Amino acid sequence: MNIQAPVKVDKAERMRRAREEAYATPLAQFHPGAPRLFQDDTLWPWFERLRKEEPVHYCTNAPIEPYWSVVKYNDIMHVDTNHGIFSSDSTLGGISIRDVPEGYDYPSFIAMDQPRHSSQRKTVSPMFTPTHLDELAKLIRQRSQTVLDNLPRNETFNFVERVSIELTTQMLATLFDFPWEERRKLTRWSDVSTALPKSGIVASAEERRREMDECYAYMSKLWNERVNSAPRNDLLSLMAHNDATRHMDPDNLMGNIILLIVGGNDTTRNTMTGSVLALSENPEQYDKLRANPELIDSMVPEVIRWQTPLAHMRRTALQDTEIGGKHIRKGDRVVMWYVSGNRDEEMFDKPNDFIIDRPRPRTHLSFGFGIHRCVGMRLAELQLRIVWEEMLKRFDRIEVVGEPKRIYSSFIKGYETLPVRIPG
């Protein structure tokens with residue numbers, strides 16, 4: 001894959017300026033969760049400096065409440081696996097650096113502590129068993145073939161829209177047994193549910209409220225249909241016919257639905273796009289992949305590390321504790337920066353490089369660890385593996401012909417557009 005020279009020059013200059021700014025700014029003024037750093041892709045030197053100089057950092061210079069940043073791999077693992085000390089509960093602020101706006105604090109099993117967490121999580125786990133994934137693989141391959149065969153040649157198009165969104169939305173519709181002709185509603189609801197006010201995704205809080213109310217009404221109708229019919233093999237039916245989730249209150253139901261929509265949408269969609277960009281920026285790795293397609297198996301977890309589709313997860317301290325020599329008070333918000341831990345120089349050789357045959361590629365943090373480890377991670381890997389198997393069969397290369405447009409968010413690390421062209 002080739003990327004035009006002007007794009008490379010622009011990126012190099014942008015990164016040079018970002019490094020100057022990051023190393024000239026006093027640590028006391030750092031706000032590593034500023035969405036502009038992620039939208040501009042200039043976050044890297046800020047986290048690099050924190051890893052070197054203050055790996056557990058307290059931010060008071062932000063338009064949100066003060067928060068701790070944990071940026072090193074082992075410290076992140078400590079927080080992620082000690083759920084008795086660090087809470088995910090939505091009533092304490094939830095899993096994002098910013099407290100969920102009032103009225104949107106739907107409790108979901110990712111934003112719950114034990115024992116409620118595991119009992120609700122287990123209800124959807126049958127969807128992701130090896131046997132069921134083998135069945136889904138046939139469908140994923142068939143749909144990937146159809147979508148890829150219909151892409152234009154010698155014409156610029158948005159890879160996000162034509163491939164990443166389309167394939168992930170088709171899978172979401174299958175997982176929910178959602179009306180096929182209206183499946184793009186799922187993508188829209190996912191985007192709206194995580195959108196920041198300045199993102200441009202919604203024009204106002206009122207518009208966001210209307211769209212989330214529409215989601216609630218639509219999914220409640222489907223829920224009632226599944227509750228009153230024989231059990232089926234979809235996420236709604238699995239929850240509707242399990243004692244742990246059958247009698248959820250409306251907010252809990254909405255929370256789990258939004259969690260499953262976002263989880264099924266963002267990880268795969270943004271890593272799929274990121275894989276094209278990563279190979280474009282590293283053509284020697286693409287040559288290596290073309291020469292040995294079996295490297296897809298290690299490329300997939302490497303691109304999940306490289307992309308880190310969820311940049312962070314937040315916890316709230318349940319008691320006074322210590323991380324990296326810093327005293328954390330009960331009630332403090334603690335942000336685990338997966339995007340930084342995945343570039344930790346002490347854990348990964350050449351962490352900023354994209355290396356598709358990297359040893360032990362699954363040691364990345366992108367799916368989390370402990371009780372909240374992503375329940376759908378094997379499905380995400382499966383979709384990425386199959387789409388690349390099918391792309392290698394069809395295309396000699398995909399050319400990235402312009403800068404990607406990234407999402408305005410320090411939570412979802414993703415793309416709005418990636419202009420590409422497939423030579424005829």
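Is Phe47 buried or exposed, and at what relative accessibility? In this predicted model, where local features need pLDDT of at least 70, side-chain atom pairs count only at pLDDT 80 or more, and totals for chains, interfaces and linings use all residues, Phe47 comes out at 1% relative accessibility and so counts as buried. Residues are numbered from 1 along each chain as its sequence is written, and side-chain values use heavy atoms, with hydrogens and water left out. Buried here means under 20% relative accessible area, with exposed over 50% and partly exposed in between (1.4 Å probe, protein chains only). Phe38, at 4%, is buried too.

On the aromatic side, the structure holds 11 pairs; rings of Phe, Tyr and Trp (its six-membered ring) pair if their centres lie within 6.5 Å, and planes under 30 degrees apart count as stacked, over 60 as edge-to-face and the rest as tilted. The Phe38 and Phe47 rings sit with centres 6.3 Å apart and planes at 70°, so this pair is edge-to-face. Phe47 also pairs with Trp337, this time tilted, at 5.1 Å centre to centre and 55° between the planes. Since Phe47 belongs to helix α3 (residues 44-53) and Trp337 to strand β8 (residues 333-337), the pair ties together parts 290 residues apart in sequence. Helices (H or I, at least four residues) and strands (E, at least two) are DSSP runs, numbered from the N terminus. Trp337 is buried, like Phe47, and Phe38, Phe47 and Trp337 make up one aromatic cluster.

Charges over rings turn up as well, meaning NZ of Lys or CZ of Arg within 6 Å of the ring centre and within 35 degrees of the ring normal. Arg162 lies over the face of Phe157, 5.9 Å from the ring centre, while the charged end of Arg305 sits over Phe348, 5.3 Å from the centre of its ring.
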